Amino acid sequence: MTTATDAATTEAVSPAGKHWLDIATPIAVVIALGFAFFTPPEATQGEVARILYIHAPAAWIAYLAFGVTLVASGGYLVTKQMRWDRLAAASAEVGVVFTGLTIALGMIWAKPTWGVWWTWDARLTLTAIMFFVYLGYLSLRRAIADPVARARRSAVLGMLAVVQVPLVHFSVIWWRGLHQPPTVLRPDEMQIDGILLTAVWVGVVAFSLVYAALVRRRMLLARLEASIEQALRSESVPVAGDAVALPEVLADRVEAS
Amino acid sequence: MLWITVPFGAVALLLVPLAIGTDLALLRDIGPGLYWVIVMLFGVLVAVRRTTMDSGGQRDLAARLGIDPAATFVGRVLASGTLLLAFEAVLGVVAVALYDIPLEGWPFLLLILPLAGAGLALLGTLAGTVVATLPSGTALVPLLVAPLAVPLLLGATHALEGLQNDRSILSWMLLMVLVVLVVAIAGVLTARPLQETQ
Amino acid sequence: MSGGWQWVAFGYATSAVVLGGYLWYLLGRTAQAFRRRRELG
């Protein structure tokens, strides 16, 4: 079997100590919530628009995480360092959480606003497709036991996604452009400016910190599990030194003779 | 493999009207799209089987003989593509029959079907190589391919639609050509890294 | 928009459950892994 050449797992892994992210993130979230609830209600949609203060940032993170996964996949293929693979996997896992959340929030916002759960607009459809690309990536990783094979194969899938997703993006937007629904269901065209826009941006900052904090923890977990696996593997391999227990016996025989 | 997937695809085409109704106008409307969805979802299995059937011994031999993995990839794609074309053709006959799909502009089908088949063969072969030797590999491939096959699906469906409504299909054809080029390049570039894991 | 606040609450509750749930899962698995790692020395 292939061995993971990974310096990071040979060191003793201690629990995650206090990191600035662990402090900054909750603060940012509280500030964002403050903005979300104390800004004036939006002109046409009223209170329901407050969902967008988390929906839009979640969507931004979903795409960011996707990009990070793809870049990290390339990073692994080029450098062969497991660190990149851990980043790709962590970003994918956190990304799928945010993507699912984006879709759920989009639906929760759409029902009272448009009367339907799903509007089939380009952005929503693309997010759904991206969700399934994530799921496929994670399912593939789950199916591979060997860490190096897992890293390499999922990196290849990542690369395929890098080249193919722009085409997916472009084709869906084009398709939607041709098939305008009779009633204009354009969730993105709203008058959001001024303080409301600030609320969205604060949300983006807060969620970015949440993303970074979660990815960091997920990567630490991956390192821990990799070092566990390495420890298990070295335990099961018989050590050559075990066979060398003769000196005492020889010493007895020498004494006896 | 064709002996299984072709009847399976045909049964799927048969089942849909049983569930949604046999209104001829509706069927004519959804026929082309449904045909391509079935081709994309089931056809990809045709491409996969070829790669997962290669035994580890065959792969080792190929590696030892110094056969370029990219060449192997291309060879597999051509073989799968041929099978897919046959798959598309037979299912096409079934779809035309069951859904009363008009055959206006049928000569263009000679371009559309091979293009779509090539794109699907490329995606399926690449995905098949990624999951090779994995126990759940074959089951994984449709999941991996389906979201990435969207441009192919949109291109093929709208090309057919364009034929029926006498609209330009050039842009949709170019989209499919782009997919074929992009996935072909990805497949060739990743052939060697993938070989090293097997 | 009648019932607007209910939908808002629904949305924020969903976010809290999803993100909080994932964090809780992560922390749990990390604690478990750390214990295991210490066992293995």
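Me: Which residues in helix 7 of chain B are buried?
Reply: Quite a list: B:Val150, B:Pro151, B:Leu152, B:Leu153, B:Leu154, B:Gly155, B:Ala156, B:Thr157, B:His158, B:Ala159, B:Leu160 and B:Leu163 are buried. A residue counts as buried if 20 or more other C-beta atoms lie within 10 Å of its own, as exposed if 12 or fewer do, and as partly exposed in between, with C-beta atoms placed from the backbone. Keep in mind that this is a predicted model: local features need pLDDT of at least 70 and side-chain atom pairs count only at pLDDT 80 or more, while totals for chains, interfaces and linings use all residues. Residues are numbered from 1 along each chain as its sequence is written, and chains are lettered from A and ligands numbered from 1 in the order in which they are written.

Me: How many residues of helix 7 of chain B is that?
Reply: 12 of the 15 are buried, so helix 7 of chain B is largely enclosed by the rest of the structure. Helices (H or I, at least four residues) and strands (E, at least two) are DSSP runs, numbered from the N terminus.

Me: What span should helix 7 of chain B have?
Reply: Its 15 residues, 150-164, should span 21 Å at 1.5 Å a residue, and the end C-alpha atoms are 21 Å apart, which agrees. The expected span is 1.5 Å times one less than the number of residues.

Me: And what is helix 7 of chain B followed by?
Reply: By B:Asp166, which has a positive phi, near 55 degrees.

Me: Zooming out, how many helices and strands are there in chain B?
Reply: Chain B has eight helices and zero strands. Its radius of gyration is 18 Å, close to the 16 Å that the globule rule gives for 198 residues, so chain B is as compact as a globular protein of that length. That radius is taken over C-alpha atoms, and the globule rule is 2.2 Å times the number of residues to the power 0.38. The C-alpha trace of chain B spans about 55 × 35 × 25 Å along its principal axes, and 42% of its residues are buried.

Me: Where is B:Ala121?
Reply: In helix 5 of chain B, residues 109-130. B:Ala121 is buried, with 29 other C-beta atoms within 10 Å.

Me: What is B:Ala121 in contact with?
Reply: Leaving aside neighbours within four places in sequence, B:Ala47, B:Val77, B:Ser80, B:Gly81 and B:Leu84. Two residues are in contact if their C-beta atoms, placed from the backbone, lie within 7 Å. B:Thr82 is 39 residues from B:Ala121 in sequence, and the two are 8.7 Å apart in space, C-alpha to C-alpha.

Me: Which residues have the most contacts inside the largest nonpolar core?
Reply: B:Leu120 and B:Leu123, in a core of 136 residues. A nonpolar core is a set of buried Ala, Val, Leu, Ile, Met, Phe, Trp, Tyr and Cys residues joined through C-beta atoms within 7 Å. Not counting residues up to four places away in sequence, B:Leu123 touches B:Val44, B:Val145, B:Leu148, B:Ala149 and B:Val183.

Me: Over to chain A: which residues in helix 1 are buried?
Reply: A:Thr25, A:Ala28, A:Ala32, A:Phe35 and A:Ala36. They cover an arc of only 95 degrees around the axis, which puts them on the same side of helix 1 of chain A. The arc is that of the directions from the helix axis to the C-beta atoms.

Me: Then which residues on the other side of helix 1 of chain A are exposed?
Reply: A:Ile23, A:Ile27, A:Val30, A:Gly34 and A:Phe38. What covers the buried residues of helix 1 includes helix 2 (52-79) and helix 6 of chain A.

Me: How many residues does the contact take from chain A and from chain C?
Reply: 28 from chain A and 23 from chain C. On the side of chain A that touches chain C, helix 6 of chain A gives the largest share, 12 residues. By class, that side has 20 nonpolar, three polar and five charged residues. Here Ala, Val, Leu, Ile, Met, Phe, Trp, Tyr, Cys and Pro count as nonpolar, Asp, Glu, Lys and Arg as charged, and the others, Gly among them, as polar.

Me: How many from chain A and chain B?
Reply: That contact takes 24 residues from chain A and 24 residues from chain B. Helix 5 of chain A provides the largest share of the side of chain A that touches chain B, 15 residues. By class, this side of chain A has 18 nonpolar, four polar and two charged residues.
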